[in-house]
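Here is a short briefing to read alongside the model. Have a look at the structure first, and then we can walk through a few spots together.

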Amino acid sequence: MEMLRTIMVDVAGHPWALLILAAVIICYQIALLKAPRLPGLPFSLLYLFLALKFVCLVLPQTTDARIFTAIAVAADVAILWAGARLIFTLVVESWWAWQRKTKIPRITRDLFLAVSYAIILLIVMRTRGGVNLIGLITTSAVLTAVIGLAAQNTLGNIFAGLSIQMDHPFRLGDWVEYGNNTGKVVGIGWAATRLKTFDDEMIIVPNTEIAKTLVKNHSLPTPRHAMKIDIGVEYGAAPEHVRKTLLLLCTQEPRILKEPPPVVRVTNYGDFAITCQLRFFYNDFGISPELRANVMDRIWYTLRRAGIKIPFPIRDVHHRHIERKAEMEESARIRDEAISELDLVPILAPLLPADRKRLALGLTIEEYGNGEIVVEQGNPGDSLYIIHRGVCDVEISTAKGPPVKVATLARPAFFGEMSLLTGEPRSATVRSVGHTIVFSIDKELFRDILLAHPEVSEVLAATLATRQAKTMGMVERRREEEAKIASGLLGRIRSFFGLA
Ligand code: CMP
């Protein structure tokens with residue numbers, strides 16, 4: 001140890017040695033810019049040490065000896081702090097990263113360094129400067145009391161912060177609920193923990209508060225999380241029908257997990273509605289508001305299509321009549337529109353007005369919300385759809401890659417003719433874009449039309465052939481593109497590794 005000190009003193013006492021040391025440090029700092037994975041050095045402490053040593057060298061010999069001693073003590077403290085910091089980086093931080101596969105928590109690091117720095121300062125001041133700081137602090141009762149009182153809250157926060165680091169009730173990135181606040185943990189500091197809310201606001205909670213209060217961690221033990229939605233349905237709706245309808249909805253939202261499966265339970269028979277609870281799991285608490293809103297939207301459309309009403313308090317029979325009347329009027333209006341709409345559909349051009357009216361009276365009116373699936377690729381189906389309002393995307397899924405959009409259909413386009421005519425499963429997924437109203441014509445109703453007007457099936461067959469050819473062309477093009485990308489990548493891999 002003494003030998004090391006002698007060497008250091010010799011080196012530090014020589015201007016050339018100091019210059020070489022400065023050059024080495026600067027070179028390392030530049031290298032660190034190019035290779036950030038190299039371990040960092042405490043550059044500011046090293047530069048401070050060099051600066052103090054240079055000052056010692058250039059000061060005239062006549063300068064007061066006490067100034068020399070003060071600068072020498074400061075230089076010693078700087079180099080020893082730098083050493084402690086370096087040992088901490090190379091030994092403790094590397095060990096932590098290797099053992100726990102994470103970065104050492106900031107509080108633990110700061111505390112460790114603060115204690116080491118304090119010990120070094122006390123020793124150097126005592127041995128080299130001749131000042132006993134411990135004696136000074138302990139004998140000054142007033143100073144101790146002042147420091148103690150002033151630091152009471154801060155110390156409480158620091159210890160609470162330390163206990164958070166040790167206990168790991170939450171980690172950075174976890175979603176936690178504290179009191180009425182819910183947020184993502186974006187910082188665990190000395191004094192406070194920072195949460196970012198769904199509204200992009202920052203909540204700063206003192207660590208002592210968090211240590212005292214119940215904190216709910218939505219990201220532990222796994223990021224999987226359950227969402228429960230209560231829905232009131234009319235008394236006339238059978239629970240099994242409601243259950244099937246809501247579970248079908250869950251299969252259409254890809255963010256809802258298949259395992260554990262969604263469940264629908266009747267939870268209450270209320271004054272005017274049966275309350276059912278839909279519970280499903282999803283993987284990221286951060287999407288909760290958006291997912292909830294999306295599922296709530298879909299519930300409205302799905303229940304409406306299934307003929308299940310969401311009732312509201314009915315206090316007067318008169319009101320109910322008005323509501324029913326309005327509903328029937330709306331339905332009759334859409335049906336009237338349907339009769340005139342069917343005139344515009346090219347495939348139905350050969351139909352006589354009486355046929356169109358029969359068709360309009362027999363069809364079902366279905367409404368879909370944004371992103372909802374009207375028909376799903378691979379599912380059986382035997383109805384034809386005519387778009388009355390809105391737009392639908394037609395997508396084809398292939399074994400590889402995301403679905404390909406092959407067409408966008410708008411009023412008065414039709415779809416679903418392929419399964420209807422061939423009995424094959426649906427060849428594509430048709431998805432509503434925004435709010436869409438479609439007319440669904442089932443097989444029985446359509447058979448009567450085809451028997452009376454065989455030319456309709458010829459037009460349908462021609463459309464079917466054109467669409468199939470277009471779809472096959474697009475899927476084939478996608479395959480060719482994928483093959484081209486794969487062969488390009490293969491070439492790059494081969495040239496990178498120098499393969500033949
Ligand atoms: P079907 O197979 O019964 O169900 C999916 C429907 O998507 C299909 O009938 C067609 O009506 C429609 N469809 C398939 N491919 C295309 C395409 N290339 N252009 C327009 N519509 C299509």
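Ile485, Leu489, Ile493, Phe496 and Phe497 make up a nonpolar surface patch of about 590 Å². This is a predicted model, where local features need pLDDT of at least 70, side-chain atom pairs count only at pLDDT 80 or more, and totals for chains, interfaces and linings use all residues. Residues are numbered from 1 along each chain as its sequence is written, and side-chain values use heavy atoms, leaving out hydrogens and water.

**The patch**
- Areas come from the Shrake-Rupley method with a 1.4 Å probe, and for residues only the protein chains shown count as cover.
- Phe497 sits in helix 16 (residues 454-497); helices are DSSP runs of H or I with at least four residues, strands are E runs of at least two, and both are numbered from the N terminus.
- Phe497 counts as exposed because its relative accessibility is 59%, with exposed meaning over 50%, buried under 20% and partly exposed in between (1.4 Å probe, protein chains only).

**His218**
- His218 lies in the loop between strand 5 (215-217) and strand 6 (225-233).
- Its relative accessibility is 7%, so His218 counts as buried.
- Beyond neighbours within four places in sequence, His218 is in contact (heavy atoms within 4.5 Å) with residues including Trp175, Glu177 and Phe285.

Conventions: Patch = residues over 30% accessible without salt bridge, like charges linked within 9 Å, V, L, I, M, F, W, Y side chains within 5 Å. Salt bridge = Lys/Arg side-chain N within 4 Å of Asp/Glu carboxyl O.
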